[in-house]
Amino acid sequence: MKATRQDKRFWRKTKSAIASGLSFVCALLVIAPLALVLFYLIRSGASAINWSFFTELPKPVGVAGGGMANAIVGSFELLCLAALVGIPIGVLGGVYLAEYGTVRGNYALRFVADVLNGVPSIIWGVVVYGLVVLRFKSFSAYAGGLALGFIMIPLIMRTSEEVLLLVPAGYREASLALGVSRWKTTVHIVMKTALKGIVSAVLLALARVAGETAPLLFTAFGNRFWNHNLSEPIAALPLQIFAYAISPYDDWHRQAWAGALVLVTMIFVVNLIVRFLTRERIT
Amino acid sequence: MKNFSILEPPMIPPSLTMACVEVSATAASEVAFEVERLSMFYGDKRAIDDVSLTIPSRKITAIIGPSGCGKSSLLRALNRIHELVPNTRVEGKVLFGGEDIYAPTIDPVAIRRRIGMVFQKSNPFPTMSIAENVLVGLKLNGVRDRAFLRERLEQSLRMAALWDEVKEDLHKPGVSLSGGQQQRLCIARAIAVEPEVLLMDEPASALDPIATAKIEELIHELSAGYTIVIVTHNMQQAGRCSDYTAFLYLGRLIEFDSTTKIFSNPSQKRTEDYITGRFG
């Protein structure tokens, strides 16, 4: 009798060891690609990163040097335009869902937002191509910003809804009981309490669209030169990486790696900032 | 502390007089609330069933009863704060100063400005300092006069018996205070907007006995200037600090009388059973 009990105990321990070993391997499998990508990026891209990469325009094929200054600035311009579209609509949509909507209306809105979040980004490019590019007969920074902004809206909406719902109902009640109106309560108490979460939602959405390439192919189009007219085609880092990566020239390949490294570093930094903000919010 | 008389009627800031035209009429009369055949529903569930009672002005009225008897719901119906929860509905009337607060012409925001509330769980706003917490009601209602705000800050904190403990730390976060201090901060925040009534939903149930004693003493002092309605599941507390007691059971008002009468010679068998601890 005693022996069987020990046998059972041994078998139980073995099962436990197998299970935790398997989950450890799975965890490694999740992290490994990220580590490999980062490692490969740094190995291939770091050598092409220098001062002129950030300050110079692309050089013609065969001419050494040159950089992606126009693409880096272009990406920032596109992100600013996207933010103008995505942040107000996304955040206010989240506020509506969390504070004002009816149960059934919210159900429908959440469903639509979740579906939109799943729409492949190239679709947004085609939509904006039809809405803006065809109408004004030109690729433009506006069109690119709009496409990225459309992608941001449902992302920001759902995330800011979630952080607003984390604000305890007691704060809303306390404010209303002071004779403060509903909208002032929403702005000065609820949104203020959830501010870090909302900022995180916005930053994550910006980081997500910063690397989008497909929607820009039909809208911003890319540009090998400086462009400060927003109704003209504009360069963007992902587009430039794409163009250089599919080119047959080794020199451009190196620059594409460098561009990818810059893009990934930017997104990494944004994620770090978000981590920092949310850590403070929890404690 | 000594030179401030708590017996003075609450003064009305000039900016709020528009919102409280009937103040003097209410304060002069003996009756604060007349609840007439009030029922409240959460969806299909009836939380309050046909309750009628008259809550006197400038007295402490306690609402007691076992968990789930509707005492919090009744309290929340008095300033329409329950409307925050979707699918709630009331039938009947609540007259405040002779006026039905459920009449379609009534703005619930204006009502709540006159009827303050203190909650079970102390809830100072986490983004605000002690001073900002006290003054938030006035500021969000458009009061900008710096000297007036400073005066109200000290006055409210003194009335909440918190001034001496925090006067050096007014800029510190409200949530840095201890539990009992936080609850007194919430009371200061509620009285800073000069309401006529304070509704208290188990204000001491999350506090230790010493902090509870302080809150009870404070409630007693405040009753000179305010109508206070307090929900409590602690019968000793109701006995100690209220003038009138309402006993609710399963959403119905079983008995409403002076606290002395309820605790010494209740007319209903169920009241007696409850206060002697035979059920609930």
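Colleague: Which residues does V229(B) touch, not counting those up to four places away in sequence?

Modeller: V229(B) touches I55(B), T61(B), I63(B), L75(B), L78(B), V197(B), L199(B) and M200(B). Two residues are in contact if their C-beta atoms, placed from the backbone, lie within 7 Å. This is a predicted model, in which local features need pLDDT of at least 70 and side-chain atom pairs count only at pLDDT 80 or more, while totals for chains, interfaces and linings use all residues. Residues are numbered from 1 along each chain as its sequence is written, and chains are lettered from A in the order in which they are written.

Colleague: Which residues have the most contacts inside the largest nonpolar core?

Modeller: They are I156(A), A220(A), A188(B) and V229(B), in a core of 149 residues. Helix α6 of chain A, residues 141–165, gives the largest share of this core, 15 residues. A nonpolar core is a set of buried Ala, Val, Leu, Ile, Met, Phe, Trp, Tyr and Cys residues joined through C-beta atoms within 7 Å.

Colleague: What makes α4(B) roughly parallel to α7(B)?

Modeller: The axes of helix α4 (residues 130–140) and helix α7 (residues 179–192) of chain B come within 7 Å and cross at roughly 30°. Angles under 35 degrees count as roughly parallel, so α4(B) is roughly parallel to α7(B). The contact is made by I130(B), N133(B), V134(B), L135(B), V136(B), G137(B) and L138(B) of α4(B), with L185(B), A188(B), R189(B) and A192(B) of α7(B). By class, these residues divide into eight nonpolar, two polar and one charged. Here Ala, Val, Leu, Ile, Met, Phe, Trp, Tyr, Cys and Pro count as nonpolar, Asp, Glu, Lys and Arg as charged, and the others, Gly among them, as polar.

Colleague: Why is D50(B) called partly exposed?

Modeller: D50(B) has 14 C-beta neighbours inside 10 Å. A residue is buried if 20 or more other C-beta atoms lie within 10 Å of its own, exposed if 12 or fewer, and partly exposed in between, so D50(B) counts as partly exposed. D50(B) is found in strand β2 of chain B, residues 45–56, and has a positive phi of about 55° although it is not a glycine.

Colleague: How do you know that L250(B) is partly exposed?

Modeller: L250(B) has 14 other C-beta atoms within 10 Å, and is therefore partly exposed. L250(B) lies in the loop between β9 (244–249) and β10 (252–258) of chain B, with a positive phi of about 50° although it is not a glycine.

Note on methods
Helices (H or I, at least four residues) and strands (E, at least two) are DSSP runs, numbered from the N terminus. Axes are lines fitted to C-alpha atoms, for helices over the stretch in contact, and angles run from 0 to 180 degrees between N-to-C directions. Angles under 35 degrees count as roughly parallel, over 145 as roughly antiparallel, 65 to 115 as roughly perpendicular and the rest as oblique.
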